[in-house]
Amino acid sequence: MAVKQQQLVDKDYKYGFRDNVKYAFKSRKGLDHEIVEQISQLKNEPQWMRDFRHRSLDIFLAKPMPPWANLELLNQIKFDDMYYYLRAADMEGNTWEDVPEEIKRTFDRLGIPEAERKFLGGVTAQYDSEVVYHSIRKDLEDLGVFFSDMDTGLREHEDIVKQHFATVIPPGDNKFSALNSAVWSGGSFIWVPPGVHVSVPLQAYFRINAESMGQFERTLIIAEPGSFVHYIEGCTAPSYSTNSLHSAVVELIAKEGAHIRYTTIQNWYKNIFNLVTKRAVAQKNARVEWVDGNIGSKLTMKYPSVYLMGENARGEVLSIAYASEGQHQDAGSKMIHAAPNTTSIITSKSVSKGGGRTSYRGLVKVYPNLTGVKSNVRCDALLMDPESRSDTYPTMEVDSKDVRIEHEATVSKVGEEQLFYVMSRGLTDAEATTMIVNGFFEPFVKELPMEYAVELNRLIALEMEGSVG
Amino acid sequence: MPQPILQVRDLYAGVGDTEIIKGIDLTIERGSVHALMGPNGSGKSTLSLVLMGHPKYHITRGEVLFNGKNIAGMKPHERSLAGMFLAFQYPSAVPGVSVANFLRNTLMARHKGDAPLTPAKFKKLLDDGIAKLKMDPSVLGRYVNDGFSGGEKKRLEILQALVLQPELSILDETDSGLDIDALRIIAEGIEAQRSPERAVLLITHYQRILNYVKPDRVHVMLKGRIVKEGGPELAHELESKGYDPLIRELASV
C-alpha cells in the first residue's frame, strides 16, 4: 500500500503530519437521525443504546450554545460540514502487526508502542472514530481488570455499562455532552474489581487524522471499592487549516475507598475545538484526581468536576493551560460537596503568550447542613506579553456554616527584572523564558510520570523558541 | 602592560530621558579588587546594571571595553558567557526552579562546546561552594530566591560566583543587611575569588566589608561621577568622616 506522509506545516508542532488512508467507512457530512441510526447499526448496538442516541440528538439540536462561552470562536464550528463517523481500519488489532501499516507508523512516530513497552499496563489507540489497537498486560487481565474500547465494553459487559453509562453526565447536561451521547464512538471502558491496585498506568491515545471531522470518544471508568487506577490520555492531530471537533464525555465512578487518577496531556493542533465534559463521582472515603494539561487546540472548554457524594471523599484538580496566538484555553473545575468532611483542592496555572487567552472558570458548591467541608482554590496566571489575556471567573455557592474555603488568584507578568536576572547568568532570552515557564508549571510537571514530564518540558522549550526578544 | 579586564571610558548612561551616569572613567586590572563607594543615589547600582546590559538602561556616550572588546551590542547572556558576573542587590526569585537545576543550567550554558560538564565535576563545584559559604545543603532543593531571607539571597549570589568562576565579579551591595558573621563568610567568599586571572568590583555604601576584603583601589562616586580615588586608606577616611565633607568640598568648587 502506498503511504504518503506529508511534513508538518507548523514548524513548532511535530505531530502535524497526516496519513492518506483509505477509509473503510465514512459517513456523509452533516448530522441527523439517519447518521445516528447508521452509526448505531454499524456497531450493532442494543436497542436501549440506539434509543439513547436518538434522544440525545434531539437534545443537542434543541440546546443553544452556552451563552457565557467564547461565541466568537464557538460559532465558527460548521456542524453541517463535518464528518461524524470515520472508520479507518476494519478491525481492531491486539498486536501492532495487526494494525494497518500507515496507521501503525503514525503511532510509532508518536512513541506509543515504545511507551507501552517501557511503562504502561495497557493501551488503546484511537484513530478518528475507532480504536485501532488495544492491549492489556496479562497480569492485569488475570486480576480481573477490564480495559477495552467503549464499544467492546458495551458488547462484552453490557450489564455494567448499562448500570453506569450516562449516570454521571446525562445527555442534557450541556450541548456538547448531548452531541457526544448521540454520536459517541471509541473511548475507553475500565472496570477495576474491588481491592485491586493497578500499579502501572493505563493509557489511551487519541489521534484525529481526517480533515473536518468530529471525534467523540466516550470513556467510563469504574473503580470498585478499595481499588486504584491511573489512566493517562494524550491527543494530537495533523495541521489542517480547516477546523475539526473533539467532543468527549468522560465519566469516573470511584466507589467507597477507591482512588482514580486521570491524567491528560492535550496537544491538539490549533484547528481543533476541544469541548469536553469530564465528571467524577467520589463515594465515601474515595479520592479522585484530575491532572489536566492543555497545550494545544484552538478553543478548549473543559472543567473536570468531582461530585463528593460520600463522607470523607476527596477531589483534586491540578490543571495547566498554555495559550499562544489564536488559542483560547477556557478551563477550570467544579467541586460539588454533597457530604460532610469532604475536601476539594483546585490548583490552576495558566500561561498566555503572543495574544493567547486563558480563562479559569470554577465552581465550589457546598450543600446545606454539612460539617467539616474544606476547599482550597488557587489560580495563578502568567502573562508573557501585553497582548495576552487571562480572566478568572470563580463561583462559590456555600450553604453550610462549618466550612473552610480558601481562594487565591494571582496574575503575574514575566518581569523584565526576572528575565534579566536569569539572562545575566548566561541563558538566552528563549532559554530564560523556558526556565521561568517550566518553573511556573513545576507543581504540575512533578505529578507526571517522568516520560511525560520530559516531553512537556520539551514542548514548552519549543514554544518559547524564537518567541521572545 | 597587560590588557585590563574592564575599561570604562567617558561613560554617560541613563533610563529614558534621565541621565544617571554622567561621565565615568574606570579601569580594572586583572588580579585586583576595586571598591566603588558612595552614598545612596550616586548611581552605583545603575553603573552595575549598565555594565551587565540591563535592557532598561541606555549608554548615551562613551564606551565599555571588556577584555578590550566593546560590549555595547552584547546581550546580558553574552556578557555573562564572556566572563562578567553581577551579584544583584535585589536578586529575583525564580519559583519552581531549584537552585541545583538553576546552577546546572547556567553551567551548561558554558559547556555547550566540547568540554562537557560531568555530574562529578558539577557536584564538586556545588559542594565546595556550599562548604565555603557555610550554607545548608538543603538550599540546593529550594526554589531560587523564593522565600529566601535577605542573607540567604546574598549567599546564593556569591555561591553562583563561586560556581561560575567569572573573570569579573561585580558585587552590588552584597554586604548590606548582613549580620557580622554572615558578612565575614561572604567576605571570605569574595576573597576566594581573588586570583591573578580574575578581578572584583565591590560596590558598597559602607566601609565595613573592607575590614575583611582588602581593596587595591577605592573609587568614590557622587551624582553619577567618580569624584575621588585612592588606596585602601580612602575607605577608612570615609568611614571616620562620612560622605558629607566630600559633598561640601565638591559643592564649593
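**Entry 1. Helix 10 of chain A**

I began with helix 10 of chain A, where A:Q418, A:L419, A:F420, A:Y421, A:V422 and A:M423 are buried. The model is a predicted one, and I read every entry below with that in mind. Helix 10 spans residues 416–423 of chain A, and with six of its eight residues buried I noted it as mostly covered. I then looked up what does the covering. The cover of the buried residues includes helix 11 (429–445) of chain A, and it also includes helix 2 and strand 7 of chain B.

**Entry 2. Strand pairs in chain A**

I stayed with chain A for its strand pairs. Strand 22 (residues 343–352) and strand 24 (residues 371–383) of chain A run parallel, joined over 10 bridges. I picked out one bridge here, in which A:S352 has A:L383 in strand 24 of chain A as its partner. Strand 24 of chain A also pairs in the parallel sense with strand 26 (residues 402–413) of chain A, over 12 bridges. In that pair I noted A:N376, whose bridge partner in strand 26 of chain A is A:E406.

**Entry 3. Chain B overall**

Next I took chain B as a whole. Its secondary structure consists of eight helices and 12 strands. The radius of gyration of chain B is 18 Å, close to the 18 Å from the globule rule for 253 residues, so I put chain B down as being as compact as a globular protein of that length. Along the principal axes, the C-alpha atoms of chain B fill a box of roughly 60 × 40 × 40 Å. I found that 40% of the 253 residues of chain B count as buried. Among contacts in chain B with a separation of 6 or more, 71% are between residues 24 or more positions apart.

**Entry 4. The four-stranded sheet of chain B**

I looked up the sheets of chain B one at a time. One is an open sheet of four strands in the order 2-1-4-5, with antiparallel pairing. Strand 2 (18–28) and strand 5 (69–70) of chain B each have a single partner strand and stand at the edges, so one side of each is left without a neighbour in the sheet. Within this sheet I followed strand 1 (residues 6–15) and strand 4 (residues 57–66) of chain B, which pair in the antiparallel sense over eight bridges. B:V15 stands opposite B:Y57 in strand 4 of chain B.

**Entry 5. The six-stranded sheet of chain B**

Another open sheet of chain B has six strands in the order 6-9-10-3-11-12, and I noted its pairing as mixed. Its edges are strand 6 (84–87) and strand 12 (225–230) of chain B; each has a single partner strand, so one side of each is left without a neighbour in the sheet. From one strand to the next the twist averages 20°. I checked the pair at one end: strand 11 (residues 217–222) and strand 12 of chain B are antiparallel over five bridges. There B:V220 stands opposite B:K228 in strand 12 of chain B. Helix 8 (residues 244–251) of chain B packs on the sheet and touches strand 11 and strand 12 of chain B, its direction making about 60° with that of strand 11 of chain B.

**Entry 6. B:S169**

B:S169 counts as buried because it has 26 C-beta neighbours inside 10 Å. Setting aside neighbours within four places in sequence, I found B:S169 in contact with B:F85, B:A87, B:A161, B:Q193 and B:V200. I also looked up B:V33, which is 136 residues from B:S169 in sequence but 9.5 Å from it in space, C-alpha to C-alpha.

**Entry 7. Helix 3 and helix 5 of chain B**

I ended with a helix pair. The axes of helix 3 (residues 99–108) and helix 5 (residues 150–164) of chain B come within 11 Å and cross at roughly 35°. I recorded this crossing as right-handed. From helix 3 of chain B, B:V99, B:L103, B:T106 and B:L107 meet B:L156, B:Q160, B:V163 and B:L164 of helix 5 of chain B. The residues of this contact are six nonpolar, two polar and no charged.

How values were computed: Residues numbered from 1 in each chain as written. Chains lettered and ligands numbered in written order. Predicted model: local features only at pLDDT ≥ 70, side-chain atom pairs only at ≥ 80, totals over all residues. Axes fitted to C-alpha atoms, helices over the stretch in contact; angles between N-to-C directions. Helix = DSSP H or I, 4+ residues; strand = E, 2+ residues; numbered from the N terminus. Left-handed = near helix turned anticlockwise from the far one by under 90°. Contact = placed C-beta atoms within 7 Å. Nonpolar A, V, L, I, M, F, W, Y, C, P; charged D, E, K, R; others polar. Pairing = 2+ DSSP bridges. Buried ≥ 20, exposed ≤ 12 C-beta atoms within 10 Å, placed from the backbone. Rg over C-alpha atoms; globule rule 2.2 N^0.38 Å.
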